[in-house]
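Please look through the sequence and the structure shown below before reading on, and keep both in view as you work through each topic.

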Amino acid sequence: MIIESRMTARKMFFAGKWENREQSIIIRDPQDNSIIGTVPAATKEDMLKCIEEAKKGAKISADLPVYKRMEIINKAADYVEVNKEKYAHTISLEGSKTIREATKEVTRAIQTLRISAEEARRINGETISFDQMSGSENRVGHYYRFPIGVIAAITPFNDPLNLVAHKIGPAIASGNAIIVKPATVTPLSALLLAEAFAEADLPEKVLSVITGRGSEIGDTLVTHPDIRMVSFTGGLQAGEEIARKAGLKKLGMELGSNSPAIVLEDADLDDAVESTVSGAFWAAGQNCLGVQRIYIQESIMDVFQTKFVDRTNKYVVGDKQSELTDMGPLISEKEAIRVENLVNEAIEKGATLLTGGKRNGAFYSPTVLTNVPENCTIAKEEIFGPVVLLYPVVDLDAAIEKSNDVDYGLQAGIFTKDLNKAYRAIGKLDVGGIMINDSSDYRIDAMPFGGTKNSGLGREGIKFAIHEMTDPKVVCFKLPNS
Ligand code: NAP
């Protein structure tokens, strides 16, 4: 297996052709800030041309028979599978994931593509009973789902391959064209995915991966009237800005959260500790599903806290490329400083630091806080870093009330052996998914995924993304009177 050398000048995937531009963007390894490659810096004019090409691509894509779409997506999945090491190495090099985390992401991206190929054959409609209305006795018909046209996909840095696969897979399965604008700091994984589709003989113009800054090309993409849907994954601020500007088009918004986990006194404590530590520190806490707040029943608070801090202290932080490392750096030193400032604000306002709180460049140690007052930023906002807050609560109802007392609602976890309590939490927690005896950080790629409140709009998870990327078309036959 040949792993790409550290320094690569990659072209962007412009309507099915690899293209360069005079201006480029430098990509760095956040671990040591070394330069690992460059990508073209696309301009507004590039984006306008790309949209024109994608309009032609939408017609080509819609005309691809389902068996052909399945064949192409499966071939792309095969390519990723054969080159798995190269993909994992790229994710880990440009992003902040460890090699183990990156390898898991590649496995999931292959799954995402395989499920997309499968779902292509299940884009079904229904017959309609027109004769339910008097005067329509002699009508029969049905609806089927058809592709909406050109989709704009904007993706974040933290899962630079699989979150892109979650947009390209369903878009092609459902006969659309798609333009991807990956995060500026992690474009290489998205370009590698484009390579898989090029190798799979996807017709030109159906897919573009355009590298460029959101601030430069974002508006052109999201405001264009020929873009029929903006499928965005990223932070609340950018999501709100895009929603304000997009105009009359579909919006898919996969935004952030500050997910809760509830640990009741009948829980398997060792299992709860293992799951919540992993949920809090996976990808250095840069994970939309990451556990940020843990509500622990008072009677087990001391023992849970001791076990949690002990387990956290065993976390191996260091070189991303080592198989022994549990946690790498944040995506940049700037992000690590942002997290450091948020923790310091909490401590100044009275929070107790149980472990962590140390920064070294882009690295921030796994950090556990308790006694966090309500008036500090991290009590209510998303941290997006390796920081977790422990709170004692009297009972389940108190935990549910606190869990819901934020403006986000992506997923939640509850640890209990009591089915009645589990179902009470399922009924009352205002989130898009509840994991019983696991942390919020659990997902398979086929399940509906998305949040309530500021965590988003719509759902991904291939079948559900396809639903958003297609519209029903009604067909009605007026028959002669018999
Ligand atoms: P971000 O800063 O919001 O950026 C996400 C993407 O949006 C990037 O490609 C960015 O481009 C682009 N962008 C920013 N402003 C834009 C604008 N005005 N118009 C068009 N595009 C714009 O997020 P991030 O820091 O990469 O990712 C972290 C956030 O994503 C967290 O809040 C996390 O919770 C959320 N997230 C959610 C999910 C989910 O499925 N719910 C999954 C993963 C992450 P540039 O890179 O060029 O700025």
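The model is predicted, and every value given here was computed from it.

**The seven-stranded sheet**

- Seven strands make up an open sheet with mixed pairing, and their order across the sheet is β15-β18-β19-β14-β13-β21-β22.
- The edges of this sheet are taken by β15 (352-355) and β22 (433-436), and because each of them has a single partner strand, one side of each is left without a neighbour in the sheet.
- If the direction of the strands is ignored, neighbouring strands of this sheet are turned against each other by 25° on average.
- Within the sheet, strand β14 (residues 291-297) and strand β19 (residues 387-393) run parallel and are joined by five bridges; in this pairing Ile296 stands opposite Pro392 in β19.
- Helix α14 (residues 419-428) lies across β21 (411-415) and β22, and the helix runs at about 165° to β22.

**The three-stranded sheet**

- A further open sheet has three strands in the order β1-β5-β4, and here too the pairing is mixed.
- Its edge strands are β1 (8-9) and β4, each with a single partner strand, so one side of each is left without a neighbour in the sheet.
- The strands β4 and β5 run antiparallel and are joined by five bridges, and Ile27 stands opposite Gly37 in β5.

- Why can helix α3 (residues 84-94) be called largely enclosed by the rest of the structure? The reason is that eight of its 11 residues are buried, where buried means under 20% relative accessible area.
- The buried residues of α3 are Lys86, Tyr87, Ala88, Thr90, Ile91, Ser92, Leu93 and Glu94.

**Strand β11 and its partners**

- Strand β11 is mostly covered, since six of its seven residues are buried.
- Strand β8 (residues 150-154) runs parallel to β11 and is joined to it by five bridges, and the bridge partner of Ile151 in β11 is Met229.
- Strand β12 (residues 250-254) is also joined to β11 by five bridges, and these two strands run parallel; here the bridge partner of Thr233 in β12 is Glu254.

**Around the ligand**

- Which residues come nearest to the ligand, out of the 29 around it? They are Thr184, Gly214, Gly235, Leu255 and Glu382.
- A polar backbone atom of Gly214 is 2.7 Å from an oxygen atom of the ligand, while a polar side-chain atom of Glu382 lies 2.6 Å from an oxygen atom of the ligand.
- A nitrogen atom of the ligand has a polar side-chain atom of Glu241 at 3.4 Å.
- Taken alone, the ligand exposes 910 Å², and the protein buries 84% of that area.
- At least two residues of the shell around the ligand come from each of α7 (214-223), β11 (227-233) and α8 (236-245), and α8 gives the most, with three residues.

- Ser61 is found in helix α1 (residues 44-63), and Ser61 counts as buried because its relative accessibility is 0%.
- When residues up to four places away in sequence are not counted, Ser61 touches Arg69, Gly175, Asn176, Ala177 and Val206.
- Thr416 has its place in the loop between β21 and α14, and with a relative accessibility of 2% Thr416 counts as buried.
- Leaving aside neighbours within four places in sequence, Thr416 is in contact with Leu264, Asp266, Ala267, Lys421, Ala422 and Asn437.
- With one of these residues, Asp266, the contact is polar: the side chain of Thr416 and the side chain of Asp266 come together at 2.9 Å.
- Thr416 and Asp438 are 22 residues apart in sequence, and the distance between them in space is 9.7 Å, C-alpha to C-alpha.

Definitions and conventions: Residues are numbered from 1 along each chain as its sequence is written. This is a predicted model: local features need pLDDT of at least 70, side-chain atom pairs count only at pLDDT 80 or more; totals for chains, interfaces and linings use all residues. Side-chain values use heavy atoms; hydrogens and water are left out. Buried means under 20% relative accessible area, exposed over 50%, partly exposed in between (1.4 Å probe, protein chains only). Helices (H or I, at least four residues) and strands (E, at least two) are DSSP runs, numbered from the N terminus. Two strands pair if DSSP finds at least two bridges between them. Axes are lines fitted to C-alpha atoms, for helices over the stretch in contact, and angles run from 0 to 180 degrees between N-to-C directions. Contact means heavy atoms within 4.5 Å. A residue is near a molecule or strand if one of its heavy atoms lies within 4 Å of it. A polar contact is a pair of N or O atoms within 3.5 Å; within protein, one must be able to donate a hydrogen and the other to accept it, and residues adjacent in sequence count only if both atoms are side-chain atoms. Accessible areas come from the Shrake-Rupley method with a 1.4 Å probe; for residues, only the protein chains shown count as cover.
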